Amino acid sequence: MSDESTSVQQIRQWVAEFVDQRDWNRFHAPKNLAMSIAIEAAELMEHFQWISVEESRRAADDPKRRDAVAEELADVLCYALALSNALRIDLSDAIRAKLEKNARKYPVAEYRGRYGPDDPGPAGRPH
């Protein structure tokens, strides 16, 4: 399986089946799932905590580090998918709506190469 051949719906179904088989729906209240996302995200961040930006970019070149990061990222996404299942949120619609909102908030002409309004951007370009 790969991202190219697997739909979000299929992955949501895998998560739902995993949870159902273990009778965990009673534990999967939205509050608990949101907290679990934060906990797993913190575990993901630990892999990058004391390394430089350059080292973090090279994580993909180290199979051991990449696999450890992949495992934590999968945990974050599994909980996010479980939360979308619990709240019946269509993730494709939610992501599309959020990207459209962000496109209005951060127009390309103003934000290309800049992370925020106080960032002068490449070559100190004024905004």
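Q: Which loop is the place of Asp23?
A: Asp23 sits in the loop between α1 and α2 (30-46). Helices here are DSSP runs of H or I with at least four residues, strands are runs of E with at least two, and both are numbered from the N terminus. This is a predicted model: local features need pLDDT of at least 70, side-chain atom pairs count only at pLDDT 80 or more, and totals for chains, interfaces and linings use all residues. Residues are numbered from 1 along each chain as its sequence is written, and side-chain values use heavy atoms, with hydrogens and water left out.

Q: What is phi of Asp23 near?
A: Phi of Asp23 is near 55°, a positive value in a residue other than glycine.

Q: Is Asp23 exposed or partly exposed?
A: Asp23 is partly exposed, at 45% relative accessible area. Buried means under 20%, exposed over 50%, and partly exposed in between (1.4 Å probe, protein chains only).

Q: Which side chain meets that of Asp23 in a salt bridge?
A: That of Arg26, at 3.6 Å, N to O. A salt bridge puts a side-chain nitrogen of Lys or Arg within 4 Å of a carboxyl oxygen of Asp or Glu. Arg26 is exposed, with a relative accessible area of 61%.

Q: Why can side chains pair like that?
A: Side chains of opposite charge can pair when their charged atoms come close.

Q: How many salt bridges does the structure hold?
A: Two. Asp93 also forms a salt bridge with Arg96, and their closest N and O atoms are 3.9 Å apart.

Q: Where are Asp93 and Arg96 in the helix?
A: Both are in α5 (residues 91-105), three residues apart, so about one helical turn separates them. Asp93 is partly exposed, at 46% relative accessibility.

Q: New topic. Which residues gather in the patch of negative charge?
A: Asp61, Asp62, Asp67 and Glu71, on the surface. Patch residues have over 30% relative accessible area and no salt bridge; like charges are joined within 9 Å, nonpolar side chains (Val, Leu, Ile, Met, Phe, Trp, Tyr) within 5 Å. Asp and Glu count as negative, Lys and Arg as positive; His and the chain ends are not counted. The place of a charge is NZ of Lys, CZ of Arg, CG of Asp or CD of Glu.

Q: Where is Asp61?
A: In the loop between α3 (53-57) and α4 (63-87). Asp61 is exposed, at 61% relative accessible area.

Q: Which residues make the nonpolar surface patch?
A: Phe18, Trp24 and Phe27, covering about 300 Å². Areas come from the Shrake-Rupley method with a 1.4 Å probe, and for residues only the protein chains shown count as cover. Phe18 lies in helix α1 (residues 8-21). Phe18 is partly exposed, at 41% relative accessibility.

Q: And which residues are in the largest nonpolar core?
A: Six residues: Val15, Val19, Leu33, Leu81, Ala82 and Leu83. α4 gives the most to this core, with three residues. A nonpolar core is a set of buried Ala, Val, Leu, Ile, Met, Phe, Trp, Tyr and Cys residues joined through side-chain atoms within 4.5 Å.

Q: Last one. Where does Arg88 lie?
A: In the loop between α4 and α5. Phi of Arg88 is near 55°, a positive value in a residue other than glycine. Arg88 is exposed, at 73% relative accessibility.
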